Every structure is written in C-alpha cells, then in structure tokens.
Amino acid sequence: MTAALEMPRVQECVVAACAYNHTNDCHAFAITIGSMDHAHCHTFVEMPTIRAGADGQKAQVGACKRADCQHNVQLECQAPAIRVGPDADMADCMTYTRR
C-alpha cells in the first residue's frame, strides 16, 4: 500500500464547476478515480456557490478503480501526478492510459 506522503498529487484540475477547484487546483484532501467503464473523478461536486476543501491543500489520488490503467497497481495510482479535465457531464482523469 502507498503511504499518504507518497500518493500522487492532482497536478491540475481544469473543471471549473467543481466545488473543490480553486484556480485550477483541487483542494480536496484526496480524490477517487474511476468506475468499471470510465475514469471519472468521483470526488467531483458541482456546487456553483460553494468552494470546498482547505486553502493551500493539494489533492492526492486516494484510490483508482480503473484496474485497466497502466498507472494502476492494486487499485493504487502509481503515476507521478495526474491531471483532471472536463468530460461531457463530469470530470475525468486525463492521465488514464489503458494497458
């Protein structure tokens, strides 16, 4: 298991509608990525009037459920950092790469 200090950071999030996004930085403590069929950011919360998370905090990837991603080892992300970007109706891990 990866130690909390070694978890990959969310290097950038360009999903402006997410409550955790402050100037392209994710301020959640940790995010969860993926489902069986897509690399969604499951921590995405659309609340236009609320900004969540702590200032100065940079999100980490807590878990990744996309076992078919080349960065995934036992549901832990091993990428140095990830980028989150927009999808049609959610936010996606843009670092996801199918094996």
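**Cysteines, salt bridges and strands**

Analyst: In this predicted model, Cys-18 counts as buried, at 6% relative accessibility.

User: How many disulfides does the count come to?

Analyst: A disulfide requires two cysteine sulfur atoms within 2.5 Å. The closest cysteine sulfur to that of Cys-18 belongs to Cys-13 and is 5.8 Å away, too far for a bond. The buried Cys-69, with a relative accessible area of 5%, has its closest cysteine sulfur in Cys-64, at 5.6 Å, which is also too far for a bond. The count of disulfides therefore comes to zero.

User: Which residue forms a salt bridge with Asp-25, and how far apart in sequence are the parts that the pair ties together?

Analyst: The partner of Asp-25 is Lys-58, with the closest N and O atoms 3.0 Å apart. Asp-25 lies in strand 3 (residues 25–26), whereas Lys-58 lies in the loop between strand 4 and strand 5, so the pair ties together parts separated in sequence by 33 residues. Lys-58 counts as partly exposed, at 37% relative accessibility. The answers are thus Lys-58 and 33 residues.

User: What is the distance from Asp-92 to the nearest side chain of opposite charge?

Analyst: Asp-92 lies in strand 9 (residues 91–93) and is buried, yet has no salt bridge. A salt bridge needs the nitrogen and the carboxyl oxygen within 4 Å. Beyond its neighbours within four places in sequence, the contacts of Asp-92 include His-38, Cys-41 and Arg-83. The nearest side chain of opposite charge is that of Arg-66, at 8.1 Å.

User: Is His-22 buried or exposed, and which backbone oxygen does its side chain reach?

Analyst: His-22 belongs to strand 2 (residues 21–22). With a relative accessible area of 15%, His-22 is buried. Its contacts beyond four places in sequence are His-27, Arg-51, Ala-52 and Asp-55. The side chain of His-22 reaches, at 2.8 Å, the backbone oxygen of Ala-52.

User: Which residue in strand 5 stands opposite Thr-32?

Analyst: In a regular strand the side chains alternate between the two faces of the sheet. Strand 4 (residues 30–33) has Ile-31 and Ile-33 on its covered face, with Ala-30 and Thr-32 on the uncovered one. Strand 4 pairs with strand 5 (residues 60–64) in the parallel sense over four bridges. Within strand 5, the residue opposite Thr-32 is Ala-63.

User: What distance separates the C-alpha atoms of Gln-11 and Cys-26?

Analyst: Gln-11 is placed in strand 1 (residues 9–13) and counts as exposed, at 60% relative accessibility. Leaving aside neighbours within four places in sequence, Gln-11 is in contact with Asp-25, Ala-81 and Ile-82. Gln-11 and Cys-26 are 15 residues apart along the chain, and their C-alpha atoms are separated by 8.2 Å.

Definitions and conventions:
Residues numbered from 1 in each chain as written. Predicted model: local features only at pLDDT ≥ 70, side-chain atom pairs only at ≥ 80, totals over all residues. Heavy atoms only, no water. Helix = DSSP H or I, 4+ residues; strand = E, 2+ residues; numbered from the N terminus. Buried < 20%, exposed > 50% of the residue type's maximum accessible area, 1.4 Å probe, protein only. Polar contact = N/O pair within 3.5 Å; in protein donor to acceptor, adjacent residues only side chain to side chain. Contact = heavy atoms within 4.5 Å. Pairing = 2+ DSSP bridges. Lys, Arg positive; Asp, Glu negative; His and termini not counted.
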